[in-house]
Amino acid sequence: MTDTLQEKIVERDFFARPIEEQNDFLHQTWCNHCMEVDLGMKNPKEFETKDRVWIEGDCLKCGHSTITEIVEDDEEE
Ligand SMILES: [Zn+2]
């Protein structure tokens with residue numbers, strides 16, 4: 001079975017992260033609408049696909065959705 005057409009998106013539990021990480025992700029944001037960093041977000045939700053992990057939330061300033069990609073280095077080179 002292959003599904004190359006659509007990536008499978010899985011919702012993760014953002015609140016399972018340590019509180020310090022949650023705070024970092026909630027503050028270190030980029031809003032495409034405001035074109036500003038670190039405005040903060042609320043209502044975070046975390047998603048993953050095979051290759052990517054990201055958090056979606058609402059910008060605290062404008063309320064548009066904002067996405068933070070998470071780079072996880074679990075590969076040591
Ligand atoms: Zn914004």
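**Fold and local features of the predicted chain**

The protein chain contains 1 helix and 6 strands. Helices (H or I, at least four residues) and strands (E, at least two) are DSSP runs, numbered from the N terminus. Along the sequence, the elements follow the pattern β-α-β-β-β-β-β. The model is predicted: local features need pLDDT of at least 70, side-chain atom pairs count only at pLDDT 80 or more, and totals for chains, interfaces and linings use all residues. Residues are numbered from 1 along each chain as its sequence is written.

An open sheet is built from 4 strands in the order β1-β4-β5-β6, and the pairing is antiparallel. The edge strands are β1 (10–12) and β6, each of which pairs on one side only. Neighbouring strands of this sheet are turned by 30° against each other on average, direction ignored. For such angles, axes are lines fitted to C-alpha atoms, for helices over the stretch in contact, and angles run from 0 to 180 degrees between N-to-C directions. Two strands are taken to pair if DSSP finds at least two bridges between them. Strands of a sheet pair through backbone hydrogen bonds, either parallel or antiparallel.

Strand β1 is joined to strand β4 (residues 41–48) by 3 bridges, and the two run antiparallel. Here R12 has E46 in β4 as its bridge partner. Strand β4 is in turn joined to β5 by 6 bridges, again in the antiparallel sense. Two bridge partners illustrate this pairing. β4 and β5 form a hairpin, with 4 residues between them.

Strand β5 (residues 53–59) pairs with strand β6 (residues 65–70) over 6 bridges, in the antiparallel sense. Several residue pairs mark this pairing. W54 stands opposite E69 in β6. G57 stands opposite T66 in β6. D58 has S65 in β6 as its bridge partner.

Phi of D38 is near 55°. D38 is placed in the loop between β3 (36–37) and β4. This residue counts as exposed because 9 other C-beta atoms lie within 10 Å. Phi of N43 is likewise positive, near 55°. N43, however, lies in strand β4. N43 is exposed too, because 11 other C-beta atoms lie within 10 Å. A residue is buried if 20 or more other C-beta atoms lie within 10 Å of its own, exposed if 12 or fewer, and partly exposed in between, with C-beta atoms placed from the backbone. Of the 77 residues of the protein chain, 10% count as buried.

C31 is one of the buried residues, because it has 23 C-beta neighbours inside 10 Å. C31 is placed in strand β2 (residues 30–31). Not counting residues up to four places away in sequence, C31 touches E36, L39, C59, K61, C62, H64 and T66. Two residues are in contact if their C-beta atoms, placed from the backbone, lie within 7 Å. C31 and K61 are 30 residues apart in sequence, and their C-alpha atoms are 9.1 Å apart in space. Across the protein chain, 41% of contacts between residues at least 6 apart in sequence join residues at least 24 apart.
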